[in-house]
Amino acid sequence: MIMRRLTPVIVIALLAFVAACSLKTVYNRLDYLIPKYVEGVITLDGVLEQQVETRTLSLLQWHRNTQLKPYAEWLRALQQDVNGQLTAQQLKQRIDETEALWLPLLVKLNDEMAYLLPLLDAEQQRELFAYLEETNDEFREEFVDVDGDARIEDYAERMIDTYENWFGALTEAQEQAVEQAAVRLISTAELRLQRRLRWQLGIRAILAKDDAVEIKRERLRAFLANFEQENDPTMNAMTDINQQIVVSLTVEIANSLTPDQKEFFVSKTNDYIRMLTELAENR
């Protein structure tokens, strides 16, 4: 299952997308930001715009009521692990727990896609797949068509940025550990791109059929559910190696934190725990 393939760096960066601004501010504006993002991808008519807005509100209410407090509890557990002597077993447990946190949202998002995509007319579908082709080209340029040295440098920079977001400035020894780990990581970019393309082709084929909306919805739900269950032995082997490398690196860094770095981490996680709890209670 694809959710099992999250790396520890992604786990630690679950909330990093709001590092430059307030989590509460962003979250409380998602009812506006999500429809606005969709509108930037395809042209919405009045009916579809209303559907997107209504279903976005429902999704966000579900997420606020059921998902935010478990995220806060997960961060509390991670905080305790890091404040002690973090082990690889503990970190792998936290990684496994992220599947339980993410999977319900993934199921919900797939259900929303299955509901809304059959409502797109021919022109809206053209806009959608043109956008997806553009993002594929960007992905290929940024992650696939790069030489080995550039890829290693990018790995190291991304990991350093992620760790520093949670621990503050790394020491020279910690940076060296990251750079050494980056050399050993295996690129899965080409396989991930091929997976993206198969996903898009599957959806396009279903939408192209001259079927009733409800039939398309049923076929999309089945396709998306089966797609998430796909098992690629090559991808699994590569990501298992990468996971072991990053688990080892994360444990090494966590157990070499300076007092200032530990204080930074506790303050950062406490801020997120407080904001997630407040968001969950502000219904």
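## The second largest pocket

Among the contributors to the lining of the second largest pocket, helix H6 gives the most, with five residues. The model is a predicted one, and in it helix H6 (88-116) is joined by helix H11 (213-228), each of the two supplying at least two residues of that lining.

The space in the second largest pocket comes to about 160 Å³. Eleven residues line this pocket, and those closest to its centre are Val107, Asn110, Arg221, Leu224 and Ala225. Divided by class, the lining of the second largest pocket holds six nonpolar residues, together with two polar and three charged ones.

## The packing of H3 against H4

Two packed helices are described by the distance between their axes and by the angle between them. For helix H3 (residues 30-41) and helix H4 (residues 46-66), the axes come within 9 Å and cross at roughly 135°.

On the side of H3, the contact is made by Leu30, Asp31, Ile34, Pro35 and Val38, while H4 brings Val52, Glu53, Thr56, Leu57 and Leu60 to it. Taken by class, the residues of this contact of H3 with H4 comprise seven nonpolar, one polar and two charged.

Note on methods:
Residues are numbered from 1 along each chain as its sequence is written. This is a predicted model: local features need pLDDT of at least 70, side-chain atom pairs count only at pLDDT 80 or more; totals for chains, interfaces and linings use all residues. Side-chain values use heavy atoms; hydrogens and water are left out. Axes are lines fitted to C-alpha atoms, for helices over the stretch in contact, and angles run from 0 to 180 degrees between N-to-C directions. Helices (H or I, at least four residues) and strands (E, at least two) are DSSP runs, numbered from the N terminus. Contact means heavy atoms within 4.5 Å. Ala, Val, Leu, Ile, Met, Phe, Trp, Tyr, Cys and Pro count as nonpolar, Asp, Glu, Lys and Arg as charged, and the others, Gly among them, as polar. On a 1 Å grid over the protein atoms alone, a cavity is a set of points where a 1.4 Å probe fits but cannot get out, and a pocket is an open set with protein on both sides within 12 Å along at least five of seven lines; lining residues have an atom within 4 Å of a point. Grid points are joined across faces, edges and corners, and a volume is the space filled by probe spheres set on the points.
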